[in-house]
Amino acid sequence: MSPSTSRRHAIAVLPGDGIGPEVIRQAVKVLDALRSPAFDVELRYAPVGGAGLEAVGHPLPQATLDLALASNAVLFGAVGDPRHDSLAPELRPEKAILGLRRSLGLFACLKAITIPPDLAHLSPLKSERAAGVDLLVVRELDGDAYTGQPKGERTATSGPFAGQREGHDSMAYAEGEVLRVAHIAFQAARQRRQRLCSVDKASVLASSRLWREVVTGVSAGYPDVALTHAYADNAAMQLVANPAAFDVLLTGNLFGDILGDVASVLTGSIGLPASALVGSARRGMFEAGHGTALDIAGKNLANPMACIRAAALMLRHSLGRPDLATRIDNAVVQVLRAGHRTRELPGAGAAMGTEAIGDAVVAALS
Ligand code: IPM
Ligand code: MG
């Protein structure tokens, strides 16, 4: 894909299910407010997840995938609905996420978690622990137990439960898979505080032992970055007990899924930080990274800030407009500082709705 250097950027907008559409609407509001003679977006909407199932009977319609592949970036809402839990694995809404990641070659998920000291009161942690947290979770996004083969159901052949049905997945990492994501993490560490903690479970897992060996090998090319290793369980504990100690945290797909959510909520809500899903092309996919929150969907209660920040990440990583990204990021922080919040965040004043927060961010842009 050629870099998006023109003024008009083609963006595939995939709202998805649950609160996806309403948080996407706020992000679009912000993008619309930034339009100028020097910056324009062509927003191309397509159904995904449960919306794809309803539209054409598939969670990732071919037309949606084609549109994503033909765009400069993808802005993604959320997918998933327990009503579809009984569908075959290929038809479950989550399959759309995995299909998009694979087809777009997105093998790393970058989630920055920052807690300015004056916003530490939003955190579920004691303020003195949360204040000043500034870490980046780099999660491998294409391998591990998510895609390792074989997987499925079979008959257990050994052990006390031989003869019974057995579900199985394969936790596997090839050298090249670890290499490419490790380089992304080391390069990011170089731009930050030059510290990288690689998370695995090398005490137990063969895939983790190879992971650790490859990451250690890559570190030789980054003598300026201090590498440490932590077991996943210990990393989870440290994330809660002493999150300010982390700079870059590099993890595999499954551990990263869990640690990414733990890290997110340190800010106060998984509705605050956003994720950039990247690969070797400039085109990335950008998302809030929270779920569909069906209990509050359509009620104007969801926090749109993570999705708005996803739009900022898109401007920075795929559209070559870090200046506009910074304006959005500053506007979001300004709105939080003013005490404006959705109801899941603590605070004295009245909670605001999704639309009102979107409007407040737009107002803070100028
Ligand atoms: C995420 C989600 C997905 C994942 C699910 C919905 C497949 O939890 O983006 O973190 O596990 O990667
Ligand atoms: Mg997850």
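Colleague: Is Asn300 buried, exposed or partly exposed, and what is its relative accessibility?

Modeller: This is a predicted model, so every value here is computed from it. Partly exposed covers the range between buried, under 20%, and exposed, over 50%. Asn300 has a relative accessibility of 34%, so it counts as partly exposed. Asn300 sits in the loop between strand S12 (285–287) and H10. Its phi is positive, near 60°, and Asn300 is a residue other than glycine.

Colleague: Which phi does Asp144 have?

Modeller: Asp144 is not a glycine, yet its phi is positive, about 75°. This residue belongs to the loop between S5 and S6. Asp144 is buried, with a relative accessible area of 3%.

Colleague: Where does Pro150 lie, and what kind of peptide bond joins Gln149 and Pro150?

Modeller: Pro150 is in the loop between strand S5 (134–140) and strand S6 (152–155). Read omega for the bond: between Gln149 and Pro150 omega is about 0°, and the peptide bond is cis.

Colleague: Now the helices. How are two packed helices described?

Modeller: Two numbers do it: the angle between the axes and the distance between the axes. Take helix H1 (residues 20–34) and helix H10 (residues 305–317). Their axes are 8 Å apart and the packing angle is about 45°. That angle makes H1 oblique to H10. The crossing of H1 past H10 is right-handed.

Colleague: Which residues make that contact of H1 and H10?

Modeller: H1 contributes Val23, Ile24, Gln26, Ala27, Val30, Leu31 and Leu34. From H10 come Cys307, Ile308, Ala311, Met314 and Leu315. By class, the contact of H1 with H10 has 11 nonpolar residues, one polar and no charged.

Colleague: What is the angle between H11 and H12?

Modeller: Helix H11 (residues 322–337) and helix H12 (residues 354–364) pack at about 120°, with axes 8 Å apart. H11 is therefore oblique to H12. Their crossing is right-handed. In H11, Ala331, Val332, Gln334 and Val335 meet Ala360, Val361 and Ala364 of H12. The contact of H11 with H12 has six nonpolar residues, one polar and no charged.

Colleague: You listed Cys307 in the H10 contact. How many disulfides does the whole structure have?

Modeller: Zero, by a search of the whole structure. A disulfide needs two cysteine sulfur atoms within 2.5 Å. For Cys109, the closest cysteine sulfur is in Cys307, 14 Å away, so it is too far for a bond. Cys109 is buried, at 8% relative accessibility. Cys307 is buried too, with a relative accessible area of 1%.

Colleague: Which residues does Ala130 contact, leaving aside neighbours within four places in sequence?

Modeller: Ala130 is in contact with Ile115, Ala120, Ser123 and Leu125. Ala130 is found in helix H5 (residues 127–130). Its relative accessible area is 0%, so Ala130 is buried. Sequence and space can also be set side by side. Ala130 and Arg327 are 197 residues apart in sequence and 24 Å apart in space, C-alpha to C-alpha.

Colleague: Is Ala226 buried or partly exposed?

Modeller: Ala226 is partly exposed, with a relative accessible area of 44%. Ala226 lies in strand S9 (residues 226–231). Not counting residues up to four places away in sequence, Ala226 touches Gln194, Arg195 and Leu196. Ala226 and Ala108 are 118 residues apart in sequence and 21 Å apart in space, C-alpha to C-alpha.

Methods
Residues are numbered from 1 along each chain as its sequence is written. Chains are lettered from A and ligands numbered from 1 in the order in which they are written. This is a predicted model: local features need pLDDT of at least 70, side-chain atom pairs count only at pLDDT 80 or more; totals for chains, interfaces and linings use all residues. Side-chain values use heavy atoms; hydrogens and water are left out. Axes are lines fitted to C-alpha atoms, for helices over the stretch in contact, and angles run from 0 to 180 degrees between N-to-C directions. Helices (H or I, at least four residues) and strands (E, at least two) are DSSP runs, numbered from the N terminus. Angles under 35 degrees count as roughly parallel, over 145 as roughly antiparallel, 65 to 115 as roughly perpendicular and the rest as oblique. A crossing is left-handed if the near helix is turned anticlockwise from the far one by less than a right angle, and right-handed if clockwise. Contact means heavy atoms within 4.5 Å. Ala, Val, Leu, Ile, Met, Phe, Trp, Tyr, Cys and Pro count as nonpolar, Asp, Glu, Lys and Arg as charged, and the others, Gly among them, as polar. Buried means under 20% relative accessible area, exposed over 50%, partly exposed in between (1.4 Å probe, protein chains only).
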